[in-house]
Amino acid sequence: MKRKFLLLAALAMTSSATLAGTPAFNFIEAGYGTADIDDVDEVSPSGFAIGGSFLVGESVFVTASYASLGDDVFGTDIDLVTSSIGLGYRLSLTDSTDAYASVSYEYVEADIEGFGSEDDNGYGLTVGFRSRLTEQFELDGSIGYVDIADESETAVGISGHYYFTPNFAVGLSYSTTADISITGVSARYAF
C-alpha cells in the first residue's frame, strides 16, 4: 500500500514543465496544491511545489521540480516529498503551439508518524502539447507515465496560465490517475 501511494503521488506531482515558444521557454514557478485520494476521505494532503525549465539550445530543455505535501489524520502526521529532474525535447508545430516529450528521474519519500518513512526512485515519461491560445493565455495538456518500485501509473494533466506581463503569469492545474488527483495554483516568472 505504501509503495502504491508513493507511486501515485509521484505521478500526480510530476510536472510537465515546458513552455510554448513564445514568450520564453525558461521559467521558474512556485505553487500550492491539494491532493484527493479515492476511497480515503480522511486524507487530503496539501502543500507547496517549486519547479522550472531551462532551454538548452533551440529545442532541448532541462526540467526540475520539488513538492512537499502533508496532512494530519487523527493526530498522525503524514508527509510526502517528491522531486524530479529531467531532459526533454520540444517540437514547434506552429508559431503558437509546441509538442513536447521528456524523460525524468523521479524520487519519492513518504513519512507516516509512528510507522516510519519509506523512499524509492524510478523514472517518468511525459508527452504533451502546449499552445498560446491568445497572447496572454497558454494551455498545456499532457499524459505521463511513472515507474517506481516495479509499479507504474499513468496520469493525465491539464493546466492553464494567464500572463499579466510577458514575464509574469498565474496558473491553475489539475492532474489525475486512477486513484489520486491534484489541483494546484501557481505563480510563474518567465525569463
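The model is predicted, with local features requiring pLDDT of at least 70, side-chain atom pairs counted only at pLDDT 80 or more, and totals for chains, interfaces and linings using all residues. Residues are numbered from 1 along each chain as its sequence is written, and side-chain values use heavy atoms, with hydrogens and water left out.

The fold contains a closed barrel of 10 strands. Strands are DSSP runs of E, at least two residues in length, numbered from the N terminus. Their order is S1-S2-S3-S4-S5-S6-S7-S8-S9-S10, and the pairing is antiparallel. Two strands count as paired if DSSP finds at least two bridges between them. From one strand to the next, the twist averages 20°. Here axes are lines fitted to C-alpha atoms, and angles run from 0 to 180 degrees between N-to-C directions. S4 and S5 run antiparallel and are joined by 15 bridges. Gly86 stands opposite Ser104 of S5.

The largest nonpolar core has 14 residues. Such a core is a set of buried Ala, Val, Leu, Ile, Met, Phe, Trp, Tyr and Cys residues joined through side-chain atoms within 4.5 Å. Burial means under 20% relative accessible area, exposed means over 50%, and partly exposed lies in between (1.4 Å probe, protein chains only). Ala35, Val43, Leu69, Leu80 and Ile148 touch the most other members of the core. At least two core residues come from each of S1 (27–37), S3, S4 (76–92), S5 (97–112), S7 (137–148) and S10 (180–190).

Aromatic pairs were assigned from ring geometry. Rings of Phe, Tyr and Trp (its six-membered ring) pair if their centres lie within 6.5 Å; planes under 30 degrees apart are stacked, over 60 edge-to-face, and the rest tilted. The count by this rule is 5 aromatic pairs. Phe48 and Tyr66 form a tilted pair, because their ring centres are 6.1 Å apart and their planes lie at 40°. This pair links distant parts of the chain, 18 residues apart: Phe48 belongs to S2 (residues 46–56) and Tyr66 to S3 (residues 60–73). Phe48 has a relative accessible area of 42% and is partly exposed. Tyr66 is also partly exposed, at 33%. A stacked pair is formed by Phe164 and Phe168, with 6.2 Å between centres and 25° between planes. Phe164 is exposed at 52% relative accessible area, whereas Phe168 is partly exposed at 37%.

Two arginines sit over aromatic rings. The criterion places NZ of Lys or CZ of Arg within 6 Å of the ring centre and within 35 degrees of the ring normal. Arg132 lies over the face of Tyr163, 4.1 Å from the ring centre. The charged end of Arg188 is placed over the ring of Phe27, at 3.8 Å from its centre.

Two further tyrosines lie in strands. Tyr89 is part of S4. Its relative accessibility is 45%, so Tyr89 counts as partly exposed. Beyond residues up to four places away in sequence, Tyr89 touches Ser59, Val60, Phe61, Ala99, Tyr100 and Ala101. Contact means heavy atoms within 4.5 Å. The C-alpha atoms of Tyr89 and Ala101 are 5.6 Å apart, at a sequence separation of 12 residues. Tyr145 lies in S7 and is partly exposed, at 27% relative accessibility. From Tyr145 to Val127 the C-alpha distance is 9.1 Å, across 18 residues of sequence.

Terms used. Helices (H or I, at least four residues) and strands (E, at least two) are DSSP runs, numbered from the N terminus.
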